[in-house]
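I opened my notebook to go through this structure step by step. The entries below follow the order in which I looked things up.

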Protein chains: 2
Amino acid sequence: MTKRLMIFEKIALIGAGLIGSSIAYASRRANLAKHIAAYIPRDTTRARAAKAGFADSLHAGIAPAVDGADLVVLATPIGSFAELSRECAPHLMAGAILTDVGSVKAAVIRDVAPNLLPEVHFIPGHPVAGTERSGPESGFAELFDGRWCILTPQPGTDPQAIAKLKEFWRRCGSDVEIMDAKHHDLVLAITSHVPHLIAYNIVGTAADLETVTQSEVIKYSASGFRDFTRIAASDPTMWRDIFLNNRDAVLEMLGRFNEDLAALQRAVRWGDGDALFNLFTRTRAIRRSIIEAGQDTPEPDFGRPSRITQRKR
Amino acid sequence: MTKRLMIFEKIALIGAGLIGSSIAYASRRANLAKHIAAYIPRDTTRARAAKAGFADSLHAGIAPAVDGADLVVLATPIGSFAELSRECAPHLMAGAILTDVGSVKAAVIRDVAPNLLPEVHFIPGHPVAGTERSGPESGFAELFDGRWCILTPQPGTDPQAIAKLKEFWRRCGSDVEIMDAKHHDLVLAITSHVPHLIAYNIVGTAADLETVTQSEVIKYSASGFRDFTRIAASDPTMWRDIFLNNRDAVLEMLGRFNEDLAALQRAVRWGDGDALFNLFTRTRAIRRSIIEAGQDTPEPDFGRPSRITQRKR
C-alpha cells in the first residue's frame with residue numbers, strides 16, 4: 001500500500017498559473033502532500049488564486065512560501081527563474097527538492113544551478129502538457145493524465161531524490177522520462193517550439209493582409225486556420241521566454257522546416273503532383289501513431305462540437 | 001411555411017465522401033429533396049456507401065445518376081471535375097443546377113464551364129467545413145451547421161437559380177456568401193491552403209530528423225505538434241489537387257508567410273523579446289474574434305478529453 005503514502009510534507013509553488021494550479025489539484029487528488037503553499041507576489045493574482053482555492057496557503061513573500069517545503073516548484077515563465085532561485089535559495093530546507101516546469105532545460109540549469117546550495121536537490125522538469133489558457137483559474141487535476149513528464153537531472157544528482165520526484169509525477173497521472181537537458185531542448189524545439197512559432201507567424205501574416213480582410217479570415221477560419229489560432233493564443237510572456245532561451249535548437253529546427261518548405265513550394269510552383277501526394281500520404285501515418293500512443297483523440301476534428309455557439313442571425 | 005417545402009426533386013451527388021455524404025444527411029434532415037442519387041464508380045466504395053445508407057440510389061454509371069436531377073453536385077477531388085463534367089453534360093436536364101464543393105473556384109470554372117450547355121445553371125460553391133476524415137462513412141448531418149458556404153457564380157447567372165441554391169445551403173445549416181472566384185481563391189489560400197501546406201511540411205520535417213527519433217516526436221506531441229498532424233491527415237488526393245489548381249494564390253500567400261517568418265527568425269536569433277511579445281499578444285485577439293464569431297469552441301484545447309485512451313502500461 002505504499003502508493004497511498006504522502007510523498008511530501010509541503011509543496012511550495014513559485015507561481016501558480018495553468019501548470020502550478022494543476023499541480024495543486026493533481027496533488028490533492030492523489031493526496032501527495034500535507035500542505036500546498038503558493039508564492040504569488042501580485043495582489044490581484046493572489047486574490048484570484050484564493051478564489052480558485054487550490055492552495056492551503058498563499059504568500060506575497062517567497063521566504064514564508066518555501067519555509068519547510070520539501071518540494072519547491074518553479075512555475076513562472078522561465079525568464080524569471082534566475083532571480084526567483086536567487087531569492088528563494090537562502091530559505092530552502094536542506095534535503096528539499098527544487099524542480100521547475102519550464103519548456104526549456106539547458107537554460108534553466110544555467111540560470112538556476114549556480115544559485116543553489118549543495119544541500120538542495122535540483123531536478124529540472126518539464127510536464128509536456130498544457131492548454132492555451134493561462135492564469136490561476138485555468139488549472140485542473142487531469143491535465144497531466146496520460147502525458148509525459150521529462151526530468152533532466154544533472155550527473156551526480158541523488159538517485160533517491162530523483163525516484164521521489166518520479167513517483168510524484170506518476171501519481172499526478174504522468175509517465176516519466178529521464179533525458180539529457182540538451183536533447184530535451186532539441187526534441188521540444190521540433191514538437192513544440194517551432195510549431196508554436198509557425199502558428200504565431202501565420203496568424204500574424206493573415207492579420208496583416210491588405211487583399212483579404214480580417215473579417216474574412218475569421219469567417220472562413222474553420223477551413224484550417226482556426227486550429228493555428230488556438231496555439232497562437234498561448235501566454236505571450238511564457239513563449240517569449242522560451243524562444244529567448246532555446247535559440248540554437250529553435251533556429252536549427254526552423255532551418256530544417258524552411259529547407260523542406262522551399263522544396264514543397266517548388267513542388268507547388270512546378271506542379272509536381274507526385275511529390276505533393278507522397279508527402280501528404282506519409283504524414284497521415286504519423287497522425288495514426290500519435291492516436292495509437294494515446295497522445296491525441298481518435299475523434300474527427302478533435303471531437304469539437306459541430307455547431308459551436310448560438311449566434312445572432 | 002415556405003421553409004417546409006422541398007427544394008429539389010432529385011439531387012445527384014457525383015462522388016460521396018465526407019462532403020457528399022454529409023450533404024445527403026443534411027438534405028434528409030431538412031427534407032430538401034425527394035430523391036438523393038449518388039454516382040460512385042468504384043464497386044468497393046459503392047458498397048461502403050450502400051452500408052452507410054445515405055442515398056436513395058447508388059449508381060456505377062453517371063448517366064442514370066444525373067438523369068432527372070435538378071441539382072447535381074460535383075463532390076470529388078477537383079482534379080477530376082473536367083472529365084466528370086464532360087461525361088455528365090449530355091445527360092443534364094435543362095434548368096438543372098450544377099454546383100460543386102471544391103476548395104478552389106477559378107480553376108473549377110476554367111475546367112467545368114466550357115463543357116456545359118447554356119440550359120444548365122452552373123453555380124460553383126464551397127462549403128467551408130470539414131474534418132480530417134474522408135470516405136463515405138465519414139459524413140454527418142451537422143457538418144455545415146454554423147459554417148459558411150461560399151458561392152462564386154459568374155456574371156449573368158440566373159438569379160433564381162442562385163436564390164434556390166442559397167436556400168438549399170441555408171437549410172443545410174450554413175450561412176451563404178456570394179464572392180468573386182478569384183477573391184475566394186485568395187481568401188482560402190490564407191485561411192486553408194497555406195495552413196495545410198505548413199502543417200504537412202512540419203509533420204514531414206519532424207518525421208525526417210536524425211537527431212530526434214520518430215518515437216520521441218510521437219510521445220511528446222501533446223506540446224503542440226499533434227494539432228498539426230490532424231490537418232496533415234487530410235485526404236492526399238484532394239489536397240494535391242488543391243495545390244495544383246490554386247498555385248498563384250498559394251505562392252503569393254506563402255511568400256508573405258516566408259517573409260514574416262524570416263523576420264521572426266531574426267527576432268529569435270537576435271533575442272528581440274519585444275518583437276516576439278508584441279506578435280504573441282496580437283495573435284491572441286484573433287483567436288478571441290474567431291470564438292466570438294462562433295467559428296471555434298471556447299473550450300480549452302478544443303474540448304479534447306484529458307486522458308485520451310487507456311494505454312497498456
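I began with B:Phe302, which sits in the segment after helix 12 (273-292) of chain B. I noted first that I am working with a predicted model. B:Phe302 has a positive phi of about 60°, although it is not a glycine. I flagged that because most residues other than glycine have a negative phi. Is B:Phe302 buried or exposed? I counted 21 other C-beta atoms within 10 Å, and 20 or more make a residue buried, so B:Phe302 is buried.

I then turned to A:Asn31. This residue is not a glycine either, yet its phi is positive, about 55°. I found A:Asn31 in the loop between helix 1 (18-29) and strand 2 (33-39) of chain A. I counted 13 other C-beta atoms within 10 Å of A:Asn31, so I wrote it down as partly exposed.

**Helix 1 of chain B**

Helix 1 of chain B covers residues 18-29, which is 12 residues. At 1.5 Å a residue it should span 16 Å. I found its end C-alpha atoms 16 Å apart, which agrees.

How many of the 12 residues of helix 1 of chain B are buried? I got 10, so the helix is largely enclosed by the rest of the structure. Among the buried ones I listed B:Leu18, B:Ile19, B:Ile23 and B:Tyr25. B:Gly20, B:Ser21 and B:Ser22 are also on that list.

What covers these buried residues? I noted that the cover includes strand 1 (8-14), strand 2 (33-39) and helix 2 (43-52) of chain B. Strand 4 (71-74) and strand 7 (125-127) of chain B belong to the cover too.

**The nonpolar core**

I looked up the largest nonpolar core and found 212 residues in it. Those with the most contacts inside it are A:Leu13, A:Val72, B:Leu13 and B:Val72. I followed one of them, B:Val72. Leaving aside neighbours within four places in sequence, B:Val72 is in contact with B:Ala12, B:Ile14 and B:Val66, among others. Its contacts also include B:Cys88, B:Leu92, B:Ala96 and B:Leu98.

**Chain A as a whole**

I counted 12 helices and nine strands in chain A. Its radius of gyration is 22 Å, close to the 20 Å that the globule rule gives for 313 residues, so chain A is as compact as a globular protein of that length. Its C-alpha atoms fill a box of roughly 65 × 50 × 40 Å along the principal axes. Of its 313 residues, 55% count as buried. Among contacts in chain A with a separation of 6 or more, I found that 75% join residues 24 or more positions apart.

**Where the chains meet**

Last, I superposed the copies. A rotation of 180° with 0.0 Å of shift along its axis places chain A on chain B, with an RMSD of 0.0 Å. The two copies are thus related as by a two-fold rotation axis. I also saw that 100% of the interface residues of chain A are interface residues in chain B, so the copies meet through the same surface.

Technical notes:
Residues numbered from 1 in each chain as written. Chains lettered and ligands numbered in written order. Predicted model: local features only at pLDDT ≥ 70, side-chain atom pairs only at ≥ 80, totals over all residues. Core = buried A, V, L, I, M, F, W, Y, C linked by C-beta atoms within 7 Å. Contact = placed C-beta atoms within 7 Å. Helix = DSSP H or I, 4+ residues; strand = E, 2+ residues; numbered from the N terminus. Rg over C-alpha atoms; globule rule 2.2 N^0.38 Å. Expected span 1.5 Å × (residues − 1). Least-squares fit on C-alpha atoms with pLDDT ≥ 70 in both.
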